[in-house]
Amino acid sequence: MSTAQPVVGAPVDRVDGPLKVTGAARYAYEHPVRDVAYAVGVLSTIAKGRIVAVDVSAARALDGVLGVLWHENAPRLQTDDAELQVLQSDAVAFCGQFVAVVVAATPQIARHAAALVEVRYVQEPHDVVLSADRSDLDVPPGEDVDSDDGDVEAGRAQASVIVDRTYTTPAEHNNPIEAHATIAIWEGVDRLTLYDSNQGSHNIRDDVADAFGLEGEQVRVISPYVGGAFGSKLFTHAHVVLTAMAARAVQRPVKLELTRRQMFSLVGYRTPTIQRVNLAADDDGRLTAIEHHVVLQVSMLKDLTEDLAARPTRMMYAGPNRRTSHRVARLDLPPPTIMRAPGEAQGSFALESAMDELAIECGIDPVELRIRNEPGTDPDSGLPFSSRGLVECLKQGAERFGWQPRDVAPHGRLEGRWLVGTGVAASAYPAGRGQATATIRAAGGGRYHVQIDASDIGTGAWTVLTQIAADALEVGIDDVTLEIGDSALPRARAAGGSQGTASWGTAIVHATRKLREENASEATADAGDNPYTDQYAMYAHGAQFVEVRVDADTREVRVPRMVGVFAVGRVLNAKTTRSQLLGGMTWGLSMALLEESVLDARYGDCVNDDLAEYHVAVNADVAEIDVGWIDEDDPYVNPMGAKGVGEIGIVGTAAAVANAVHHATGVRVRDLPITLDKLLRAD
Amino acid sequence: MSDVDVALRVNGTEHDLTVDARTTLLDALRDRLGLTGTKKGCDRGQCGACTILVEGRRINSCLALAVAHQGAEILTIEGLATGDDLHPLQRVFVKHDAFQCGYCTPGQICSALALLDEAERGWPSAVTEDLATTAITLDDEEIRERMSGNLCRCAAYVNIVAAIRELAGA
């Protein structure tokens, strides 16, 4: 065994870097497939009703059109997932739903033909407006939807300060730059290969196999490189099934790439929220009662219970009296999906804004207020934290940022034409792990092959898993050949919930251990359950500091400086970890100031459904971002001691920006995004 | 629709194609020539993922028709490296981790290549204080402004600026 230098922790360059900077990495649409045809979908233009006629004659008459499918001639599917029952009935459940698909020899012809398909509807009244006053708000399915601990009313009765506020966050779209795309290739009627852009090939494989009545092994999903996802590529969406259906119908390989506009109705979005937070505190700012009630939306088609935005409120701060709840409105809108820190992103905006308001009411520095309310054990589960670095993050962050001296009073600092303010917020994100299986094979000469159906959506999994394997095997990273992104590899959970590296890395470490113990040339092992799950509460933490400059006349908001300090256990790759945290913080800035999917209630569609109108942060929106982390040793989360870093960066950031805007202007914006009109209207 | 013959000169190699006249330069590169390094992100000139250089200038290839570029000198990401030898911009993008998923990266790099040339020629940007100057200093603000036509949803902007700055020598 060689004594290779350990590589975990080092700022190793991405092993897939050269492929990506030369354009050689192949994303889903780009795999060369002989004789491939092109599919383009036709989408509903009403939000609710029935299709009464589909005229495909003009489309079919075009040279090069190979087929047109709609609900009357589409093959029957077996799936129970209503979102995946594509072209299965005449019912329209939302605006922008597939109602037909055209397959043609070229993308130009397919696009032309799709525009010639005429669909007539009988429209029914639709219901698309989320409100906290609806009488039909329902308890979403699932566990832990509500919580009620201690005596909130008694806690409030003891309080000397109460902050009772409502915050809202808009719908937002994931918008990875690589559009969702699938290539489907059938061999006979019972073997299907998909090149697909997703966060977990096994997820897609299982759903597609189910839809076509196949065994999982009869479907192979290949996805080595994924051009961003952020949640929208975690679950199977209708276009994947539709592509396979189209390929079967025309008996040729078919590729389908959604247009950017189609991505606004077909691959999910972050649910808007309406959140009421009630914080009660004594003279010293110690919380005597905490309430957080959230209203979300789902589609009539199906439920989604990921965005439990008040869940983090159960563990952030100390206090014996606490109540949280979630209610959903079922609307005639596209199904939402998960989006980077689903729930935590929205919930932390409300809670951390309310903490800032409380700090001002109490006349206590907002960093100090958070430190005073630091819990000893997890208030939610009662368990000790496996590690909790929040206070250290706040202290180190304040130091790095130059938090003090700071006037508590807002609207105090004018530099030239800029009103200057600073804000802070705290972050937490669960450090979980899931199932994964890895196979390691000795290839001779001190070289090893590692196989696992992990997914690198830009997180750095190609690199970090190679590093973990190299250290576990005590070889150099060049001695490890990693294979990921293929459902033919050992099953592993998808990339999501900041659990990828924790799960996949654990499986690799376990497989290495087994290889050693059995002195074998090949070993397969599972990540297994975490034995400490019932003993410790496991979270990553962070503290976000932001400086904003607000134009005194136009109220344009600029963010010249952000500092984030995080407690994420052991950092496995200093380079890619920093990038993930930078990305998350930039998402928080973008969420605070720019992102909003605007609903037109008349039609039930999204008005700003492209990248010119749906604003994401661009290079000029981002200035200095300083990312750091504290030393944190956590032996309980996984054998690497690492917590996921994909989502913690966005948690709290939008609140830190909003708090800084308040500090600069004296205007508290409780409805994201913070646009000029909201700041001007308040004057 | 009518088919049209067009000769495209890409990375120094001439390709004779018969294309549907509606074919964009982007689709000709990706679907017909197999040069999939140039990416499609929005197909309407809003994201910059399809940025390539035509006659040395950066353009969104999704907004260009293939037939309009007969004989033009086209440079795509595949034309930057020499064998395994990465172009200096490709090297600094890897070094500074100026990408995550990598999908916008070819467009970012092509854009950066043109940016360096534009600054060299003294072309001002919206943030250049002195519009009459011919000596552009590529500081962070100039780089950010000039790279804002290329969206990076992974948000590697801070690292993209650092990478370009290393070559800009500012």
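Strand 23 of chain A, residues 557–567, is joined to strand 26 of chain A by six bridges, and the two run parallel. Helices (H or I, at least four residues) and strands (E, at least two) here are DSSP runs, numbered from the N terminus. Two strands pair if DSSP finds at least two bridges between them. One bridge partner to look at: R561(A) goes with E624(A) in strand 26.

Before going on, the ground rules. This is a predicted model, where local features need pLDDT of at least 70, side-chain atom pairs count only at pLDDT 80 or more, and totals for chains, interfaces and linings use all residues. Residues are numbered from 1 along each chain as its sequence is written, while chains are lettered from A and ligands numbered from 1 in the order in which they are written.

Stay on strand 26, residues 624–629 of chain A. Which residues point to the buried face? I625(A), V627(A) and W629(A) do. Buried is a count: 20 or more other C-beta atoms within 10 Å of the residue's own; exposed is 12 or fewer, partly exposed is in between, and C-beta atoms are placed from the backbone.

Next, I630(A). This residue lies in the loop between strand 26 and helix 14 (653–665) of chain A. Buried or exposed? I630(A) is buried, because 20 other C-beta atoms lie within 10 Å. V565(A) is 65 residues away along the chain, yet the two C-alpha atoms are separated by 7.1 Å. Contact means C-beta atoms, placed from the backbone, within 7 Å. Leaving aside neighbours within four places in sequence, I630(A) is in contact with G389(A), E392(A), C393(A), Q396(A), V565(A) and A567(A).

Now the core. The largest nonpolar core has 291 residues. A nonpolar core is a set of buried Ala, Val, Leu, Ile, Met, Phe, Trp, Tyr and Cys residues joined through C-beta atoms within 7 Å. Helix 8 of chain A, residues 344–362, gives the largest share of this core, ten residues. Which residues have the most contacts inside the core? V102(A), I508(A) and V657(A). Take V657(A). Neighbours within four places aside, its contacts are G423(A), V546(A), V548(A), V559(A), G588(A), L589(A), A592(A) and L593(A).

Then strand 5 of chain A, residues 98–104. Seven of its seven residues are buried, so strand 5 is largely enclosed by the rest of the structure. Strand 1 of chain A (37–43) joins strand 5 through six bridges, antiparallel. There, V40(A) stands opposite V102(A). Strand 3 of chain A (65–70) joins strand 5 through five bridges, again antiparallel. L69(A) has V101(A) as its bridge partner.

Three strands of chain A form an open sheet in the order 4-2-6, with antiparallel pairing. Strand 4 (91–92) and strand 6 (118–123) stand at the edges, each with a single partner strand, so one side of each is left without a neighbour in the sheet. Strand 2 (49–55) meets strand 4 through two bridges. R50(A) is partnered with A91(A).

Over to chain B. Five helices and five strands. From the N terminus on, the order is β-β-α-β-β-β-α-α-α-α. Its radius of gyration is 16 Å, close to the 15 Å that the globule rule gives for 170 residues, so chain B is as compact as a globular protein of that length. That radius is taken over C-alpha atoms, and the rule is 2.2 Å times the number of residues to the power 0.38. Of the 170 residues, 55% count as buried.

Helix 1 of chain B, residues 25–32, is mostly covered, with seven of its eight residues buried. What do those buried residues pack against? Helix 3 of chain A, together with strand 1 (3–10) and strand 2 (13–20) of chain B. Just after helix 1, G34(B) takes a positive phi of about 70°.

Last, the interface. 47 residues of chain A are in contact with 50 residues of chain B. On the chain A side, helix 13 (574–593) is one of the helices that supply at least two residues. Helix 13 gives the largest share, seven residues. That side divides into 23 nonpolar, 15 polar and nine charged residues. Here Ala, Val, Leu, Ile, Met, Phe, Trp, Tyr, Cys and Pro count as nonpolar, Asp, Glu, Lys and Arg as charged, and the others, Gly among them, as polar.

Key: Two residues are in contact if their C-beta atoms, placed from the backbone, lie within 7 Å.
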